[in-house]
Amino acid sequence: MPKLKEKPFAIPKLLVWEAWRQVKANKGAPGVDGQDLEAFEADLADNLYKIWNRMSSGSYFPPPVRAVEIPKPHGPGTRMLGVPTIADRVAQTTAAMFLEPLVEPRFHPDSYGYRPGRSAHDALATCRQRCWSYDWAIDLDVQKFFDTVSWDLVVRAVQTVTDCRWVLLYVKRWLRAPLQRPDGTLVERDKGTPQGSAISPVLANLFLHYAFDTWMTRKFPGCPFERYADDIVVHCQSRRQAEYVRAAIAARMGEVGLRVHPDKTRIVYCKDGRRTGDHEHTSFTFLGFTFRARGARSKRGVNFTGFLPAMSTEALKAKSDRLRRMRIHRRTDLTLDGLASWLNPIIAGWMTYYGRFYRTVMNPLLRRVNTYMKRWAGRKYKRLRTLKRFTRWWAGLLAREPGLFAHWRAVRSFY
């Protein structure tokens, strides 16, 4: 009996299975083939075997990535997201899970993006604390990072942590995978890695670990920073130091094929009650929160002005626009409980993220939800169209079911 030919690459089937479980948990839209999670799972064993067999044989070639424009999470405008097929997402996650235990011990403690056990809130809390100790900050904007990052340098970064042939092979193939626009045209690329793919966060973090984190630690050990993917804040003791560091960072980014945005990268004076000097910029926005002078009260009840984060004006406007597009007042097909089931996951998500620091800035947004609910009630029930009857009904509802809507624990008024 002839011996079975061994595969060129030893990829554990269990790793592919765990990758599938992670892809399923993350959910997500179909790629260029139109296959969603439910359709993929209908023939799960065969689909996973095909991925494992092709990856193990060296014959896996990723399909094009579907290009989708989505709203920016914390402000106006859109950004391009790359949506791989479900099968390609499993393949990418397999490689990402292989790389994760190799790269995590190397990463800098002030790198927070897309890492297990770390979050944007951790980055924001550290940034807030350092703004109290350092008078100046550099709000750093790397221009079009995901569109312009060098493939050669990405591969070299991966080679510093592993010489695994199948990982290096497929990283190169994923980087070269074309984008497919909504009209079906294919866009070939020679640099960049699409946001939205499962492997991109690991590659981006690994690249910036060498391009920025270790370089900063070596060149400017007295200037701490927080980095969440390509969003970066650097802290300095003086304006002179901040100007020197900004120029050095711009030169360093040029060395690795990137560009610091000349207009969006700013030196900021952390002005508050004890730092009363003047400067052109006294605020900056990081991860959807604007840091600036704000009134606060200490644990001992003393009022003071601190340099503190709160939900940014851009994020407030973006969420207000989202509320308007939801047309809450027109959803009269829903019962009150149905309305709560629809709204609560969305509003609770906003409150969980943006309400972590200086939550009262969110109150006008949450009050606007109640205003839409008042209009909804007037459309659904004719008897509630007068203010007097609605106010009586609203007060009774709050008394009977105070936890029906997630935002009621913060704001209950509708005007």
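Here is a short chat about a predicted model of a single chain.

Colleague: Let's look at H9. Where does H9 bend?

Modeller: H9 covers residues 200-219, which is 20 residues. From first C-alpha to last, H9 reaches 27 Å, close to the 28 Å expected at 1.5 Å a residue. There is still a bend of about 50° in H9, and the residue where it sits is His209.

Colleague: Is H9 mostly covered or mostly open, and how many of its residues are buried?

Modeller: Buried again stands for under 20% relative accessible area. H9 is mostly covered, and the buried count out of its 20 residues is 14.

Colleague: How are H7 and H8 oriented towards each other?

Modeller: H7 takes in residues 151-159 and H8 residues 165-176, and their axes lie 11 Å apart. They pack at an angle of about 160°. Angles over 145 degrees count as roughly antiparallel, so H7 is, relative to H8, roughly antiparallel.

Colleague: What hand does the crossing of H3 and H4 have?

Modeller: H3 spans residues 44-57 and H4 residues 86-103, with 10 Å between their axes. The two pack at about 50°, so H3 and H4 are oblique to each other. H7 passes H8 in a right-handed crossing. For H3 and H4, the crossing is right-handed.

Colleague: Now the cysteines: how many disulfides are there?

Modeller: A disulfide is a covalent bond between the sulfur atoms of two cysteines. To count here, the two sulfurs have to be within 2.5 Å. The sulfur of Cys127 has its closest cysteine sulfur in Cys131, 4.2 Å away, which is too far for a bond. Cys270 is in no disulfide either, with the sulfur of Cys131 nearest at 4.2 Å, and the count of disulfides comes to zero.

Colleague: Is Cys127 buried or exposed?

Modeller: The cut-off for buried is under 20% relative accessible area. Cys270 has 0% relative accessibility, so Cys270 counts as buried. Cys127 sits at 0% relative accessibility, so Cys127 counts as buried.

Conventions:
Residues numbered from 1 in each chain as written. Predicted model: local features only at pLDDT ≥ 70, side-chain atom pairs only at ≥ 80, totals over all residues. Heavy atoms only, no water. Helix = DSSP H or I, 4+ residues; strand = E, 2+ residues; numbered from the N terminus. Expected span 1.5 Å × (residues − 1). Bend = angle between axes of the 7 residues up to and from the residue. Buried < 20%, exposed > 50% of the residue type's maximum accessible area, 1.4 Å probe, protein only. Axes fitted to C-alpha atoms, helices over the stretch in contact; angles between N-to-C directions. Parallel < 35°, antiparallel > 145°, perpendicular 65-115°, else oblique. Left-handed = near helix turned anticlockwise from the far one by under 90°.
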